[in-house]
Amino acid sequence: MRRACVIGWPVDHSRSPLIHNTWLQTYAIDGAYTREAVKPDNVGFFLTQLAERGYVGCNVTVPHKEAALTAADVTDAAAQAIGAVNTIWIDGEKICATNTDSYGYMTYLNAKAPNWKSASGTVAVIGAGGASRAIVHGLLEAGAGAVRLINRTHTRAEDVAAHFGSRIEVVTWQDRNKALEGTCLVVNTTSLGMNGNGMPDIDLSVLADKCVVSDIVYTPLATPLLKAAKARGLKTVDGLGMLIHQAVPGFEKWFGVRPEVTDELYQSVANELGSKAC
Ligand code: ATR
């Protein structure tokens, strides 16, 4: 039996077991996917012991994504560009790592809003944490003309810009609404809206009618931001698709089948979250 797990601290909230175990059942694979609570000071050691513990690999969730990058022997371009990893597999003696968050975000965005880039190519990203880096990387790779990075703490946005280069325009919090003008996509990468609480303090009326509004928060699926965007007549993309699609490459590495993301899987994860679509 092939076994994989997700490591985090805490890890109880992770929906990855639901996703991977659904696929294991769908494809009748003799495998298992479980949670492992790993303390922050134990990440490196745990990863060196993955194979001994019977695992072919693991997912990595907060707060271990940066530590896992440091612990890995082999990292790919996405992991290096983002500065964090979420997917690990063992190849011989080596711990190999990648980051599939940008793949997950972009795959769902392209599926739900294939014309997101058509209007101007200029996008606005709100937030400058780890999730922001993954999404900025994905948008740049996908050919976004410019990324206007809006963050409450200016220095954090400057750090991201220094990392990704000249197509990033750092916007002060004060100028955020002006920066939304002429964008074709707005992404919330902050935790604002989680559990239905709050939303980024932005003026949606300045957005172009064709602008797509997307959120990485998926509890609830219809975040206050997405509800407001919908009420304004804008196309919206929820955060759950990113979570499900980011799981695809890991499953394929560990279990040898590239799994399909179906409406049924999306619905069963949404149901488990007790959440309705926007
Ligand atoms: P993650 O790694 O999951 O992205 P993070 O590194 O804690 O999480 O980043 C959280 C992001 O949400 C940051 O951009 C943060 O802004 P600051 O850099 O100014 O802290 C943003 N954020 C959180 N609460 C916010 C609020 N009330 N208003 C605006 N931005 C907020």
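Here is our conversation about the labels.

Modeller: This is a predicted model, where local features need pLDDT of at least 70, side-chain atom pairs count only at pLDDT 80 or more, and totals for chains, interfaces and linings use all residues. Residues are numbered from 1 along each chain as its sequence is written, and side-chain values use heavy atoms, with hydrogens and water left out.

Biologist: Why is helix 5 called oblique to helix 6?

Modeller: Helix 5 (residues 101-112) and helix 6 (residues 130-141) pack at an angle of about 60 degrees, with axes 8 Å apart. Angles under 35 degrees count as roughly parallel, over 145 as roughly antiparallel, 65 to 115 as roughly perpendicular and the rest as oblique, so helix 5 is oblique to helix 6. Helices (H or I, at least four residues) and strands (E, at least two) are DSSP runs, numbered from the N terminus.

Biologist: Which residues make the contact of helix 5 with helix 6?

Modeller: Helix 5 brings Asp101, Ser102, Tyr105, Met106 and Leu109, while helix 6 brings Ala134, Ile135, His137, Gly138 and Leu139. Contact here means heavy atoms within 4.5 Å. These residues divide into six nonpolar, three polar and one charged; Ala, Val, Leu, Ile, Met, Phe, Trp, Tyr, Cys and Pro count as nonpolar, Asp, Glu, Lys and Arg as charged, and the others, Gly among them, as polar.

Biologist: Happy with that! What makes strand 9 and strand 12 edge strands?

Modeller: The open sheet has six strands in the order 9-8-7-10-11-12, with parallel pairing. Strand 9 (168-171) and strand 12 (235-237) each pair on one side only, and that makes them the edges.

Biologist: Now the loops. Why is Ala28 called exposed?

Modeller: Buried means under 20% relative accessible area, exposed over 50%, and partly exposed in between (1.4 Å probe, protein chains only). Ala28 has a relative accessible area of 70%, so Ala28 is exposed. Ala28 sits in the loop between helix 1 and strand 2 (31-37), and its phi is near 50 degrees, a positive value in a residue other than glycine.

Biologist: And what makes Asn195 count as exposed?

Modeller: Asn195 has 61% relative accessibility, so Asn195 counts as exposed too. Asn195 lies in the loop between strand 10 and strand 11, with phi near 60 degrees.

Terms used
Axes are lines fitted to C-alpha atoms, for helices over the stretch in contact, and angles run from 0 to 180 degrees between N-to-C directions. Two strands pair if DSSP finds at least two bridges between them.
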